[in-house]
Amino acid sequence: MAVQESEPEHKSKVVYSRNHPFMAPVLKNVRLNGPGSAKETRHVELLLEGSGIQYECGDSLGVFPTNDSELVDLALEALKSKGDEMVEDPQWGALPLRAALLRRYELNNVPPNLVKAVAERSGDQRLAELA
C-alpha cells in the first residue's frame, strides 16, 4: 500500500514588506515630462498578479534595478571570480559576489576607484590605463 502525503489544508500567506519585497515586472514606463524639464515624472505600470497586493494612489514604490546577467558574467570573468565568493554589503549584509553585482551595484557607471581595484586584482593592463 502506498501512502501519499497530503498537502497542508491552508498555506500561510506571504506578506511583502520593505525587507521582503515583491519583485514585480515593469509593464510600462513612460516619461511624462517633455525634453528639458527640470523634473522627471513617470507613468509606471507593474504586474502585481499573484502578490495579493492592491496598489492604491499614494502608496509608495521601491525600485530595485538589476544589471544584465551577461554584464555580470563579464565582470566576474575580469575579476577571475566564480561569483560564489561572499562579500559584505553595508546595507544588506553578506551575500555572494554574483548577487551583489547583479542587484546591489551599478555596473554601467563605474567609479574610477572600482576600475582601479578591478585592474589591480585582475592584472588587466587596459583597465589599469583607464584607472
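Me: Why is S122 called buried?
Reply: Buried means under 20% relative accessible area, exposed over 50%, partly exposed in between (1.4 Å probe, protein chains only). S122 has a relative accessible area of 9%, so S122 is buried. This is a predicted model: local features need pLDDT of at least 70, side-chain atom pairs count only at pLDDT 80 or more, and totals for chains, interfaces and linings use all residues. Residues are numbered from 1 along each chain as its sequence is written, and side-chain values use heavy atoms, with hydrogens and water left out.

Me: Which residues does S122 contact beyond its neighbours within four places in sequence?
Reply: They are A78, K80 and L127. Contact means heavy atoms within 4.5 Å.

Me: What makes V115 buried or exposed?
Reply: Its relative accessibility is 16%, under the 20% limit, so V115 counts as buried. V115 lies in helix α3, and S122 lies in helix α3 too. Helices are DSSP runs (H or I, at least four residues), numbered from the N terminus.

Me: What does V115 touch, leaving out residues up to four places away in sequence?
Reply: V110, L127, L130 and A131.

Me: What makes up the largest nonpolar core?
Reply: It has 11 residues in all, among them V72, V115, V118 and L127.

Terms used: A nonpolar core is a set of buried Ala, Val, Leu, Ile, Met, Phe, Trp, Tyr and Cys residues joined through side-chain atoms within 4.5 Å. Helices (H or I, at least four residues) and strands (E, at least two) are DSSP runs, numbered from the N terminus.
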